[in-house]
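Take a look at the model shown here.

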Amino acid sequence: MVAAWADIPPEVVRPGVRRRGFGTDEAILVLNEIAPGMVPAPHRHEQFDQIATIVSGQARYHIGDMVHHVGPGSLLLIPAGMEHWIEPAGDEPVENLDVFAPARSDYRHLLTWMQSATPE
């Protein structure tokens with residue numbers, strides 16, 4: 001299957017935060033769009049590591065007690081159980097791409113659009 005992020009329906013997570021998903025039960029990519037002024041939501045995942053890359057924008061990415069100033073091309077590894085959150089640093093939205101393998105069961109609903117998509 002071939003798709004463009006712009007063609008994948010977004011899910012509104014909370015004001016200022018949207019996400020889209022692409023993948024399978026084995027691996028999922030989640031593109032997050034984070035608007036300036038959104039309310040940060042510190043959280044942790046006890047069962048799995050998270051890999052993130054910043055696609056666009058500038059942000060402060062908090063991992064544990066560390067604050068990382070990141071921009072396009074930055075890669076982050078968030079170990080299981082580590083509290084983390086992201087917040088835009090500037091006036092432009094941030095896009096960050098998260099990778100989860102195996103796919104998070106609570107994110108599999110982001111893939112339902114793929115069932116009705118026309119394969120190319």
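What follows goes from the pocket to the salt bridges and then to individual residues.

This is a predicted model, so local features need pLDDT of at least 70, side-chain atom pairs count only at pLDDT 80 or more, and totals for chains, interfaces and linings use all residues. Residues are numbered from 1 along each chain as its sequence is written, and side-chain values use heavy atoms, with hydrogens and water left out.

Start with the empty space. Rolling a probe the size of a water molecule over the atoms shows where such space is left. The search runs on a 1 Å grid over the protein atoms alone, with a 1.4 Å probe. A pocket is an open set of points with protein on both sides within 12 Å along at least five of seven lines. A set where the probe fits but cannot get out is called a cavity instead. Lining residues have an atom within 4 Å of a point.

How much space lies in the largest pocket? The answer is about 310 Å³. That volume is the space filled by probe spheres set on the grid points, which are joined across faces, edges and corners. The lining of the largest pocket has 20 residues. R14, N32, H43, I86 and Y107 lie nearest the centre.

Which strands each supply at least two residues of this lining? They are β1 (11-14), β2 (17-23), β3 (28-34), β8 (84-88) and β9 (94-100). Strands here are DSSP runs of E with at least two residues, helices are runs of H or I with at least four, and both are numbered from the N terminus. By type, the lining residues split into ten nonpolar, six polar and four charged. Ala, Val, Leu, Ile, Met, Phe, Trp, Tyr, Cys and Pro count as nonpolar; Asp, Glu, Lys and Arg count as charged; the others, Gly among them, count as polar.

Now turn to the charged pairs. A salt bridge is a side-chain nitrogen of Lys or Arg within 4 Å of a carboxyl oxygen of Asp or Glu. The whole structure holds six of them. One joins R18 and E33, whose closest N and O atoms are 2.6 Å apart. R18 sits in strand β2 and E33 in strand β3, 15 residues apart, and the pair links distant parts of the chain. R18 has 32% relative accessibility, so R18 counts as partly exposed. E33 is buried, at 17%.

A second salt bridge joins R108 and D25, with the closest N and O atoms 3.4 Å apart. R108 lies in the loop between β9 and α1 (113-116), while D25 lies in the loop between β2 and β3, so the pair ties together parts 83 residues apart in sequence. Both ends are partly exposed: R108 has a relative accessible area of 30%, and D25 is at 49%.

D106 is partly exposed at 42%, whereas R104 is buried at 9%. Salt bridges that share partners also join R18, R20 and E33 into one network.

Next comes R19, in strand β2. R19 counts as buried because its relative accessibility is 14%. A polar contact is a pair of N or O atoms within 3.5 Å; within protein, one must be able to donate a hydrogen and the other to accept it, and residues adjacent in sequence count only if both atoms are side-chain atoms. The R19 side chain makes such a contact with the side chain of E11, at 2.7 Å. Another, of 3.0 Å, joins the side chains of R19 and Y107.

P10 is found in the segment before β1. P10 is partly exposed, at 36% relative accessibility. Contact means heavy atoms within 4.5 Å. Not counting residues up to four places away in sequence, P10 touches R18, R19 and R20.

Strand β9 holds N96. N96 is buried, at 2% relative accessibility. The side chains of N96 and D98 make a polar contact of 2.9 Å.

Last, look at the loop between β9 and α1, the place of P102. Most peptide bonds are trans. A cis peptide bond joins A101 and P102, with omega about 0°.

Methods. Buried < 20%, exposed > 50% of the residue type's maximum accessible area, 1.4 Å probe, protein only.
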